[in-house]
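Here is a quick tour of one protein model, written for someone who likes to know the cut-offs behind each number. Have a look at the fold before reading on.

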Amino acid sequence: MTASYIAAIDQGTTSSRCILFGADGRIVAVEQQEHAQIFPQPGWVEHDAAEIWTRVQAVVRGALDKAGLTREDVRAVGITNQRETTVLWDRHTGEPVHHAIVWQDTRTEALCRELGRNVGQDRFRRETGLPLASYFAGPKIRWLLDNVEGLRERAEAGDILFGTMDTWLIWNLTGGVNGGRHVTDVTNASRTLLMNLHTLEWDERIAESIGVPMAMLPQIRSSAEVYGEAVGVLAGVPVAAALGDQQAALFGQTCFDVGEAKSTYGTGTFLLLNTGERIVNSYHGLLTTVGYRIGDRPPVYALEGSIAVTGSLVQWLRDQLGIISTAAEIETLAGTVEDNGGAYFVPAFSGLFAPYWRSDARGVITGLTRYVTKGHLARAVLEATAWQTREVVDAMQKDSGVTLTALKVDGGMTSNNLLMQNIADVLNVPVERPYVAETTALGAAYAAGLAVGFWDGLDTLRANWHRAAEWTPRMDAATREHEHRNWLKAVERTMGWIEQDDEQPQL
């Protein structure tokens, strides 16, 4: 029997999934398992990488079982992953040396200020496209080397390996201590503050400045090529793609042309705009990143706006405040009122990401009066995602000169129709959701399929894209601008909350 399916492993911030896709890009089976969120101190977020690897193996088995398939039916496997989350492990034992430090973690704020010296956040931006911020992997590596006893010496001796989650999974999938491939792809490497966007190689000068030994770093490869063959449950299946989750969504949404954009609404929200083979430097708080690279073709670059807290704000309302008992209830609760009642919620739980990059900011609810109910708060929570999207789109237009005509959306929050309508209203453009909403996993599957000849080119993938829903703007211009002004006033009130000389706790 011909292997007629592609597997995608989607290792996300809160869970890991395996999704099997057919040749038409439709989903055949899905299996998902959550993993623990570890919060040792305020602002610190960690994952157990060994637990995640166990979950990944389980979801691969589960997806195959659900579909009634075996590894012989799978032509290739692609990986997509939460980006920037940093794992260090012993190359001889395969054991992580510390919990993974998650992309949301802010413990490296003081270190990033120190590394900025007299230049500040932009010290490495020309080479990497990124500001010096606690978001990225390089400073997280340095923190671990400085704070785990004896780790720097082991790293310099070549005994410690670094990886983002794609690297950790590929290494384990291809054999681990028995010959596992220590590689990453250009999209994940571009999120470390260590890769030069122009050469697509690790920048030795920057690595030395941040304090990261080159011996730790994986080999940088393209997003779609065979890295090695899997062992275990997928024994013999080519591991043939890796893409950071947001770049995978760009690819899965078939945003292959310059000016096409997508926004993924999950734990955080991420807008990417395809800028083609041109590196567009941002002067309005965005990131310049690699969108994807297929085999030995030239890389495709993107502008990205990263919003730290969107879906996780709904989780916070559910888990910490108990205002709702399920995430889906927020739409019903928000629908009990006509507007926000004058309340605005800026969820700067980990500081403000794009376009501000203010690690000194913290969340605020403002405009409160006795009139405000939990329905108004629920509506303000949804509007926070819409207004943060608007700020990123405005910055993209200033940087690129491209005026957005529509926004392709994906991710778990797109099931919330009120939110999608709100985004169309504040952007004043149509919002489009594809038939296959799991575009992150689909992008990884597409890249893996291209690498092994399962699909013959980008036009075939474009033909698979179908629109399932569309929301068009309904809000009048005067209301839009009034609400926008109020939102910007609320954002101002988040800033300067954390003093720069606040002591950073250590292990």
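The buried residues of α10 pack against α11 (329-334), β19 and α12 (374-400). Helix α10 covers residues 311-319, and its buried residues are Gly 311, Ser 312, Leu 313, Val 314 and Leu 317. An α-helix makes a turn every 3.6 residues, so positions three or four places apart point the same way. Here "buried" means under 20% relative accessible area, "exposed" means over 50%, and "partly exposed" is in between (1.4 Å probe, protein chains only). Helices (H or I, at least four residues) and strands (E, at least two) are DSSP runs, numbered from the N terminus. Packing is judged by contact, meaning heavy atoms within 4.5 Å.

A word on the ground rules: this is a predicted model, so local features need pLDDT of at least 70 and side-chain atom pairs count only at pLDDT 80 or more, while totals for chains, interfaces and linings use all residues. Residues are numbered from 1 along each chain as its sequence is written, and side-chain values use heavy atoms, with hydrogens and water left out.

**The whole protein**

How confident is the predictor? The mean pLDDT of the protein is 93, and 98% of its residues reach 70 or more; pLDDT is the predictor's confidence in each residue, from 0 to 100. Residues 503-507 are a stretch to treat separately: pLDDT stays under 50 there, and the model gives them 15 contacts beyond four places in sequence.

The protein holds 16 helices and 23 strands. Its radius of gyration is 22 Å, close to the 23 Å that the globule rule gives for 507 residues, so the protein is as compact as a globular protein of that length. That radius is taken over C-alpha atoms, and the rule is 2.2 Å times the number of residues to the power 0.38. The C-alpha trace spans about 65 × 55 × 45 Å along its principal axes.

Of the 507 residues, 62% are buried. Among contacts with a separation of 6 or more, 72% are between residues 24 or more positions apart. The exposed surface comes to about 18900 Å², with carbon and sulfur atoms supplying 47% of it; the areas come from the Shrake-Rupley method with a 1.4 Å probe, and for residues only the protein chains shown count as cover.

On charge, there are 44 positive and 62 negative side chains, and the centres of the two sets lie 3 Å apart. Lys and Arg count as positive and Asp and Glu as negative, with His and the chain ends not counted. Each charge is placed at NZ of Lys, CZ of Arg, CG of Asp or CD of Glu.

Which loop holds Pro 355? The loop between β19 (344-346) and β20 (364-366) does. Ala 354 and Pro 355 are joined by a cis peptide bond, with omega about 0°. Trp 357 is also placed between β19 and β20. Phi of Trp 357 is near 55°, a positive value in a residue other than glycine, and Trp 357 is buried at 7% relative accessibility.

Leu 200 sits in the loop between β10 (195-196) and β11. Phi of Leu 200 is near 60°, again positive in a residue other than glycine, and Leu 200 counts as buried at 9% relative accessibility.

**A few residues up close**

Some C-alpha to C-alpha pairs, for scale:

| Pair | Apart in sequence | Apart in space |
|---|---|---|
| Asp 203 and Thr 128 | 75 residues | 8.9 Å |
| Val 183 and Ile 330 | 147 residues | 41 Å |
| Glu 229 and Glu 46 | 183 residues | 30 Å |

Asp 203 lies in the loop between β11 (201-202) and α8 (204-210). Is Asp 203 buried or exposed? Asp 203 is buried, at 11% relative accessible area. Beyond four places in sequence, Asp 203 contacts Glu 127, Leu 194 and Asn 196.

Val 183 belongs to strand β9 (residues 183-185) and is buried at 3%. Its contacts outside four places in sequence include Asp 166, Ile 170, Pro 218 and Tyr 227.

Glu 229 is in strand β13 (residues 224-229). With sequence neighbours within four places set aside, Glu 229 touches Leu 173, Thr 174, Gly 236, Val 237, Pro 238 and Val 239.

Finally, Thr 13 is in the loop between β1 (5-11) and β2 (15-21) and is buried at 8%.
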